[in-house]
Amino acid sequence: MSKTKKILALAAAGVFALSLASCASDSGSTGGGEAAAGGDCNVGVSMPTRSLERWINDGEQLKSLLEEAGCTVDLQYADNKTDQQISQIQNQVAGGSNILVVAAVDGQVLAPVLAEAKKQDATVIAYDRLINGTPDVDYYATFDNYKVGQLQGEFIETQLDLANATGPISIEPFAGSPDDNNAKFFFSGAWDVLLPYVESGVLVVPSGQSPASNDDWASIGIQGWASDKAQSEMDNRLSSFYTGGDKVDVVLSPNDSLAIGIEASLKSAGYAPGADYPLITGQDADKANVKAILDGEQSMTVWKDTRTLGKQVFDMIQEIVAGDEVTVNDTKTYDNGEKVVPSFLLDPEVVVKDDVQTKLIDSGFIKAADVGL
Ligand code: GAL
């Protein structure tokens, strides 16, 4: 964690500790994490932003499930700002939340505020994105993030029959936000499939934005998963490296918000669905991107049914409140630098044009009208 981030987080925690000292005496709470056992269901839910469709779904779904079960819920969105998320978590704990569900804006800066929350016996669940550098996260619930990338890499490999191709086939890879722990897993899953083809020359990366290894993923990361940043990055690559009629054949986009920016860039560069249009991956099944898939402007998206993640976290909270053992299915993969966090991983799946009706609409994830059907 950078020096400034540490100072910011510590300063915030210092102020917070003072404010809590005053309320601790009021709550009369007992030892770490037990406060929720056999008792209160007072949940602070902290989501990273409203600007990306999925987080609104995640927050609202979990809130309604919990409230239906009689829990008190304080749902907050942090506008992708770390200090805002820290102060929201502080307020949630000061307001009596004894269970925290946190989808981190930046998984590297929450250790101090969680340490303070722990002093109030809060139980902490990392939601979708792991929280790093702290022993004070109790559980993690997410989709299999490495598999998300693997599905994107294998989709490209199969669609272009890379195993039998001679190439060169031009690819432009992108990665997610450098402060998002998931992004390295997405990239690693895809690049473990694709890098051998880059090394063999079947795939070429005209822009040179080709990490030599997974550890170098952040070099092509797009901060905040911002569509406009992905669009301008693609504009640069197309105008600098695709002149004289050269066409890009594939774009590895780790999620839908980046894909929509990349597609806008391709459109303004004169690309149109059809023969010369590149293969483009995605993730999240955002409505605009499902529409793009139906219109031939995107090839696939990796669907993560956020309703199942909400339900899994809801079940975890019920187990915590009942004082039961919390159900997890992975106790190896997610080492946050302080501990291997007991996790529950859900399965992502590929959605292409022919799956939209059955997987997304018939299941009620989206409505036909949302995508012009
Ligand atoms: C990731 C999340 C993805 C995508 C991205 C941007 O952490 O797993 O589903 O939404 O953030 O928000």
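Mentor: What follows describes the sheet and the helix packed on it. This is a predicted model, in which local features need pLDDT of at least 70 and side-chain atom pairs count only at pLDDT 80 or more, while totals for chains, interfaces and linings use all residues. Residues are numbered from 1 along each chain as its sequence is written, and side-chain values use heavy atoms, with hydrogens and water left out.

The protein has 11 helices and 12 strands; helices (H or I, at least four residues) and strands (E, at least two) are DSSP runs, numbered from the N terminus. Six of the strands make an open sheet, with parallel pairing, in the order β2-β1-β3-β4-β5-β11. Two strands pair if DSSP finds at least two bridges between them. β2 (72-77) and β11 (343-346) are the edge strands; each has a single partner strand, so one side of each lacks a neighbour in the sheet. On average, neighbouring strands here are turned by 15 degrees against each other, direction ignored. Axes are lines fitted to C-alpha atoms, for helices over the stretch in contact, and angles run from 0 to 180 degrees between N-to-C directions.

Within the sheet, β3 (residues 99-102) and β4 (residues 123-127) run parallel and are joined by four bridges. In this pair, Ile99 stands opposite Thr123 of β4. Helix α10 (residues 306-322) packs on the sheet and touches β1 (42-47), β3, β4, β5 (139-143) and β11, where contact means heavy atoms within 4.5 Å. The direction of α10 makes about 165 degrees with that of β5.
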